[in-house]
Amino acid sequence: MLPLPRRLDPLLRDPATLVAAASTQRHLRELHAHLLVSGRLASRSLHAALLASLASSDDRHLSYARLLLPRRPATLLVHNSLLRALACGQRPHLAFGAFRDLPLAPDNYSFTFLVRAATALAASTPGVAPGLDANLIAGSVHASALRRGHATDTHVQSGVVSMYAAAGDVGAARTAFAEIASPDVVCVTAMVGALATGGEVDAARELFDGTPQRDHVAWNAMIAGYVHVGRSREALKVFDKMQHAGAAVGEATLVSVLTACAQLGALERGKWVHSYLCNRGMRVSVTLGTALVDMYSKCGAVAAAMDVFESMGERNVYTWTSAVSGLAMNGMGRQCLELFSRMGRAGVEPNGVTFVAVLRGCSMAGLVDEGRACFDSIKSKHRIDPWLEHYGCTVDLYGRAGRFDDAISFINAMPVEPHEGVWGALLNASRIHKNVELGKYAMNKLIAIESKNDAAHVLLSNIYAESQNWKGVSNVRNMMKAKGVKKLPGCSAIEFDGRVYEFFVGGKTHPRYKEIEMMLAEMTERLKIQGYVANTKDVMFDIEEEEKEGAISLHSEKLALAFGLIALPEGTEIRIVKNLRVCKDCHDYTKLVSKVFNREIVMRDRNRFHHFKDGACSCKDYW
């Protein structure tokens, strides 16, 4: 054996650096031999640390680590070190085999690490551990801890709560938490996370507020919980309180906050988060970079999204998909296809979500042939079985282009039962092209699946209203009333001075409503000079034309637009997020406002983005 170079001697004090320095198996054996000869491995703690370091590296070193396990150990220290390394590593499912091979009865540490492995497995993406059911494993691990008498250990108890939370079993997490006499801060935090992850954010908040000690994990769980159920404003309020409390803000926090900004369309807040992480020298990881791309895209700031994308040194399929989706939702179909092609050249294999984005991009831009070729490649080239969403997007692709025969033929040839997305796409296409009979057909198919789909009823009612069929409108309204279906009220949000303001159709509660009312009058007056005539075809009532004009004049996006004109400085882009599809009148109205008032306006409705400038819209009136 060659003498050990003096420069490597410090490595022997740190097993992690030792393993990192072992570039070959032969080198590893030489360093191991020196540890034996020098007597350092007589220390159980060093032996355990070496083994854990080996297990945390690649598969080759894991095999070597198993050879170092003592056959007749006096304690479980070394074996638990292996268990811990596997549970906390990239292959948590391997910890179960190591647990079964324990030469002594497992102790509380063994179960702490086993519970951690089950938690990691439950939280992992599908396919990480083929053949293992995370939910069944969670129950069996807990049962084993009970049987062995270690279920009352505080670390095991906290871990069990987290384990059930990761598995999505909030009921089991509640039961486990109730059995803890004096839960510590770690256990309470785990329960907050369980409730928040399970969608029970109000119960999570009650527990959270009653906890005097909160670490960053509890804050993150609460923020992520609000984002998960779509209560993004509350998520941002909790983030503000988190900063005020001085809790550590890390990557997980900012990813949730960026997601909240994306949901709200709160671009300025999202920009602030971007500046925040840059000013603190935080590394823009793949996860954080992807969240930034997603936020900018969903706020309509496509150039900023692509700047972040291009600046990233490392990208994964989710990053590429976020960028492709961002171009698609902003109506940039050609650019969407170009980026998708570039993704292929970069050797990144697309997933099902990527194809949903590309198909939507083709549909929004009317690229029918390109979209159909993309759909055909999903299975033939990429070996992915098409999802229901892919079928829905393809029907939308044909329908928006008015190719109804192709759409019907495609539906009839589907190997799966058409779902609500397919019929909803056909119904929407019927409205675009004013095809009443096809709309009725699609509506009947849709309500057979979703009898209380409010959007479907409204779409059919709009089709009737546009054709002046007031009896049809009345029938739809009676049908909605009989089923208890209520139309979702129109709501538009606009960000100003760090706050997001909401406007509802006909709403007059805003503190600056008098100014808004005056601006609305000025807008309409100036637009009429340019030839604006209210389009009242979408009004679902057989009333006088003057009354119809009054009804559509108070649509939520017009109120938000008026507020933007009086509140935002000249030259500032006006950004509006609407919960429903923008109606034809408001679309034409906003185009004219962009020209007459010389303002760029970005509007995100239920279907897509509309970028208004100089009297034109990026959708080219195709939405």
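Which residues does Leu426 touch, not counting residues up to four places away in sequence? The legends below start there. This is a predicted model, with residues numbered from 1 along each chain as its sequence is written. Local features need pLDDT of at least 70, side-chain atom pairs count only at pLDDT 80 or more, totals for chains, interfaces and linings use all residues, and side-chain values use heavy atoms, with hydrogens and water left out.

**View 1. Leu426 and the nonpolar cores.** Leu426 touches Val395, Phe404, Ala407, Ile408, Ile411, Leu438, Tyr441 and Ala442. Contact means heavy atoms within 4.5 Å. The largest nonpolar core has 146 residues, and Val161, Met295 and Leu426 touch the most other members. A second, separate core of 36 residues includes Leu527, Tyr532, Ala567 and Met603. A nonpolar core is a set of buried Ala, Val, Leu, Ile, Met, Phe, Trp, Tyr and Cys residues joined through side-chain atoms within 4.5 Å. Buried means under 20% relative accessible area, exposed over 50%, partly exposed in between (1.4 Å probe, protein chains only).

**View 2. Helix H25 against helix H27.** H25 spans residues 420-432 and H27 spans residues 454-466. Helices (H or I, at least four residues) and strands (E, at least two) are DSSP runs, numbered from the N terminus. The two helices pack at an angle of about 20°, with their axes 9 Å apart. Axes are lines fitted to C-alpha atoms, for helices over the stretch in contact, and angles run from 0 to 180 degrees between N-to-C directions. H25 and H27 are therefore roughly parallel to each other (angles under 35 degrees). H25 contributes Leu427, Asn428, Ser430 and Arg431 to the contact, and H27 contributes Ala456, Leu459, Ile463 and Glu466.

**View 3. His382 and Arg383 in one loop.** His382 lies in the loop between H22 and H23. Arg383 is also in the loop between helix H22 (368-380) and helix H23 (388-400). His382 is buried, with a relative accessible area of 16%, whereas Arg383 is exposed at 66%. Not counting residues up to four places away in sequence, His382 touches Glu349, Pro350, Phe355 and Ser377. Phi of Arg383 is near 60°, a positive value in a residue other than glycine.

**View 4. Asp497 between two strands.** Asp497 sits in the loop between strand S1 (491-496) and strand S2 (499-504). Its phi is near 55°, a positive value in a residue other than glycine. Asp497 counts as exposed, at 69% relative accessibility.

Notes
Parallel < 35°, antiparallel > 145°, perpendicular 65-115°, else oblique.
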